[in-house]
Each structure stands twice: as structure tokens, then as C-alpha cells.
Amino acid sequence: MKILVAVKRVVDPDARVRVRADGSALDVSGAQRVMNPFDEIALEEAVHLKEKGLATEVIAVSAGEPESQEILRTALARGADRAVLIPTAAALQPLAVAKLLRAVCERESPQLVVCGKQATDDDAAQTGPMLAAMLGWPQAAFASELSIEAQGGGYRATVVREVDEGSETVELPLPAVVTAGLRLNEARFTSLAKLVKARKMPLEILAPEVLGVDLGSRLETLSVIEAPRREPGVRVKSVAELVRILKERGVV
Ligand code: AMP
């Protein structure tokens with residue numbers, strides 16, 4: 001069974017970034033870039049399945065600026081067998097990424113695609129579900145547990161999903177798309193030796209034109225504003241004082 005893992009290069013979620021003076025976008029120049037944290041979890045799960053003997057090959061795929069090859073090399077160091085870069089300078093929206101991933105799925109025929117539940121830069125949480133819809137495959141988003149078993153010549157996945165009220169367990173035949181939530185696993189550390197070795201591993205380049213995908217954007221950003229600063233907290237001596245303050249502030 002082949003597993004395809006989608007990995008995105010994002011601004012480090014711990015980096016301090018500000019809104020540009022004209023309010024058009026965030027100014028991310030100079031900020032460090034990392035593999036999207038949920039994609040680290042997605043990759044870890046795919047490598048687990050390979051270590052358990054359920055998967056035969058793990059393919060990491062990233063679309064974006066050529067520097068995305070850095071995170072693909074990290075993916076190779078962490079256990080991916082192959083890495084595919086779809087280079088583009090276009091500002092990719094989830095729909096375009098889903099189309100690119102669908103084209104790669106049509107070439108590679110994976111049994112399972114694992115995406116992060118969301119990218120920490122756009123917080124869209126759209127790519128995995130859109131990909132599943134385009135492929136006509138079942139999907140389980142926000143996975144916190146995943147198990148796979150062979151059944152009747154194919155495979156079946158059981159996924160525990162995080163939902164507002166708690167968790168939901170679903171069963172789905174493969175091929176399918178699963179998106180990784182925070183509690184699915186803890187991504188492993190990579191040794192320097194493995195990172196160095198991964199630098200010499202081959203990386204496949206697939207141009208978007210070869211995949212025949214229209215990367216045009218469907219959304220226009222009208223404005224970006226910073227979240228209002230939170231007022232510092234106050235220490236209260238009694239519940240009565242807390243209620244009085246909340247009343248004064250119109251909260252209750
Ligand atoms: P989003 O829908 O943008 O929140 O992204 C959800 C997931 O889709 C990410 O966690 C990745 O697994 C995948 N994804 C999004 N953008 C890309 C990209 N440019 N290249 C590869 N995978 C991506």
C-alpha cells in the first residue's frame with residue numbers, strides 16, 4: 001500500500017509577524033519557515049504504518065516555492081521513501097493545492113492520502129476534504145487515532161475523529177483521505193546524520209503545467225488586521241468583586 005503525505009512549508013508558528021502598513025497581508029519577510037506542524041504528524045503516522053508493515057512506500061509531496069525542498073528533505077530524513085516537489089511562485093489557495101494533489105494521486109494511485117488537518121498559515125482546513133471530494137474518496141478529518149487492516153483483498157481504516165462534543169469513530173474503505181489532528185501521534189526527532197543523508201537523496205520535480213492544473217486564485221484578500229490586544233488580567237478577592245467588574249464591563 002502506497003501512502004501519499006502532503007507537506008506544506010509555512011512560517012514558523014512561533015515567529016512574530018506583523019501586518020503590513022497597508023493592511024494588505026502579513027509581512028513574513030525574514031521569518032523562519034518550517035514544515036506545517038500538522039503535516040509532521042501526518043508524516044509520522046504514514047511512517048508508523050510503514051514500520052508496522054502495512055505500507056510499502058511513503059511519498060511526501062509539497063507544492064510551492066523551490067525552498068519547499070527543505071521540508072521534503074526533512075520528510076525523507078524522517079522516513080519518507082520518495083519526495084515530490086511541485087514548484088510554483090503562485091500564491092496557492094487550498095483549491096489549487098487539492099487539484100495538484102489529485103493529479104499526483106492519478107499518477108501514483110496511493111491507497112491513502114494523509115494531510116494535516118490545517119495549515120497554520122491560512123488555517124483553512126480545506127485541502128484534504130476538497131481532495132477527497134474531487135477524487136470521490138471517503139474522508140475522515142481531524143483524526144486522533146488511525147488503524148488499518150487488510151480486508152477482502154483491500155484495506156479498511158478505522159479513524160477516531162475529534163469533534164466538538166468529544167470523539168467520533170468512523171470506518172472507511174481505502175482509498176481514502178485522512179487529515180491529522182494534534183493528538184494522532186508525536187512526531188519524531190531527526191538525527192543530523194539522517195538529515196545529511198537525505199540531502200543526497202533524489203527529489204522528483206513535477207511542474208504544475210505537466211499536471212495540467214489551473215492555479216488561478218478564486219479569493220481576493222480585502223484586508224488583514226491585527227487581533228486586538230488583550231487587556232492585562234486583574235486579581236479579584238471575591239466572587240462578588242468579579243461579578244461587579246463583569247457587570248461594569250457589560251459582560252453579564
Ligand atoms: P489548508 O487547507 O491550507 O489548511 O491545508 C491543509 C493541509 O493540506 C496541510 O496541512 C497540508 O497537508 C496540505 N497542504 C496545504 N497546502 C499545501 C501545499 N502547498 N503543499 C503540500 N500540501 C499542502
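# A tour from the ligand outwards

Select asparagine 36 and the ligand: a polar side-chain atom of asparagine 36 sits 3.0 Å from a ligand oxygen atom. That is a polar contact, a pair of N or O atoms within 3.5 Å; within protein, one atom must be able to donate a hydrogen and the other to accept it, and residues adjacent in sequence count only if both atoms are side-chain atoms. Taken alone, the ligand exposes 480 Å², and the protein buries 99% of that. Accessible areas come from the Shrake-Rupley method with a 1.4 Å probe; for residues, only the protein chains shown count as cover.

Before moving on, note that this is a predicted model: local features need pLDDT of at least 70, side-chain atom pairs count only at pLDDT 80 or more, and totals for chains, interfaces and linings use all residues. Residues are numbered from 1 along each chain as its sequence is written, and side-chain values use heavy atoms, with hydrogens and water left out.

**Stop 1: asparagine 36**

Stay on asparagine 36. It lies in the loop between strand 5 (33–35) and helix 1 (37–51). Helices (H or I, at least four residues) and strands (E, at least two) are DSSP runs, numbered from the N terminus. Is asparagine 36 buried or exposed? Asparagine 36 is buried, with a relative accessible area of 1%. Buried means under 20% relative accessible area, exposed over 50%, and partly exposed in between (1.4 Å probe, protein chains only). Now show threonine 120. The side chain of asparagine 36 reaches the backbone nitrogen of threonine 120 at 3.0 Å.

**Stop 2: the ligand shell**

Select aspartate 39 next. An N or O atom in the side chain of aspartate 39 is 2.5 Å from a ligand oxygen atom. Then take aspartate 122. Here an N or O atom of the side chain is 2.7 Å from an oxygen atom of the ligand.

**Stop 3**

Switch to a cartoon view. Nine strands form an open sheet with mixed pairing, in the order 11-10-9-12-8-1-6-7-13. Strand 11 and strand 13 (204–205) stand at the edges, each with a single partner strand, so one side of each has no neighbour in the sheet. Two strands pair if DSSP finds at least two bridges between them.

Pick strand 1 (residues 2–6). Four of its five residues are buried. Strand 1 pairs with strand 6 in the parallel sense over five bridges. Alanine 6 stands opposite valine 61 in strand 6. Strand 1 also pairs with strand 8 in the parallel sense, over three bridges. Find isoleucine 3: its bridge partner in strand 8 is leucine 112.

Move to strand 9 and strand 12. These two pair in the parallel sense over three bridges. Alanine 143 has alanine 180 in strand 12 as its bridge partner.

**Stop 4**

Select phenylalanine 142, in strand 9 (residues 139–151). Its phi is near 60 degrees, a positive value in a residue other than glycine. At 29% relative accessibility, phenylalanine 142 counts as partly exposed.

Aspartate 123 also has a positive phi, near 50 degrees, and is not glycine. Look for aspartate 123 in the loop between strand 8 (112–116) and helix 4 (127–135).

Next, select leucine 174 and proline 175. The peptide bond between them is cis, with omega near 10 degrees. Proline 175 lies in the loop between strand 11 (166–173) and strand 12 (176–180).

**Stop 3: the cysteines**

How many disulfides does a search of the whole structure find? The count is zero. A disulfide is a pair of cysteine sulfur atoms within 2.5 Å. Select cysteine 105: its nearest cysteine sulfur, that of cysteine 115, is 8.5 Å away. Cysteine 105 is buried, at 4% relative accessible area. Cysteine 115 is buried too, at 3%.
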